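Reader: I'm new to this one, could you walk me through it?
Author: Gladly, let us take it topic by topic.

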Amino acid sequence: MIHIEDVEIAKKAREFAHSPYSNFRVGVALRCKNGKVYMGSNVENHGIQGICGERTAFVKALSEGEREFESIIITGAPNGEEPTNECMPCGYCRQFMSEFVDKDFIIGIYDNGKINEYTIDDLLPHSFKL
Ligand code: ZN
């Protein structure tokens, strides 16, 4: 189930993005099954590849012991603009998430005022597994 309040949390996370190279801000809200919500934003770096908002939120949560996840809301838009169109997770984030989520985990993509809901199987069918 999507918690509509998570949309505003995801948008708030965009304020903390560090994106001087792409000028694109991503904000996410990752909800755990225990009700705790972790914010994540993209953090870029001139020396090495940056990290996406989705993985930022997962790493924050995982490193604090979380292992049961319910949903993630993803918002994104250029600096100075409000999110409008879908901001889909990159391939790296899809593979990363696939290790930690169940088939009922909802990936909610903000799209012009509504949330389009996907599962990990929708976004990454036939994913790599050891
Ligand atoms: Zn990504």
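Reader: Is Cys 93 buried or exposed?
Author: Cys 93 counts as buried, because its relative accessibility is 1%, where buried means under 20% relative accessible area, exposed over 50% and partly exposed in between, with a 1.4 Å probe and protein chains only. This is a predicted model, in which local features need pLDDT of at least 70 and side-chain atom pairs pLDDT 80 or more, while totals for chains, interfaces and linings use all residues. Residues are numbered from 1 along each chain as its sequence is written, and side-chain values use heavy atoms, leaving out hydrogens and water.

Reader: Which residues are the protein donors of the zinc ion?
Author: Cys 52, Cys 90 and Cys 93 are the protein donors, each through SG, lying 2.3 Å from the zinc ion; donors are N, O and S atoms within 2.8 Å of the metal (3.2 Å for Na, K and Ca), and water is not among the atoms, so sites may look incomplete.

Reader: And how are those donor residues spaced in sequence?
Author: The spacing is C-x37-C-x2-C. Cys 52 lies in the loop between β2 (37-41) and α2, and Cys 93 in helix α3, so the pair ties together parts that are 41 residues apart in sequence. Helices (H or I, at least four residues) and strands (E, at least two) are DSSP runs, numbered from the N terminus.

Reader: Changing topic, where is Asn 23?
Author: Asn 23 sits in the loop between α1 (5-14) and β1 (24-32), and its phi is near 55°, a positive value in a residue other than glycine. Asn 23 counts as partly exposed, because its relative accessibility is 41%.
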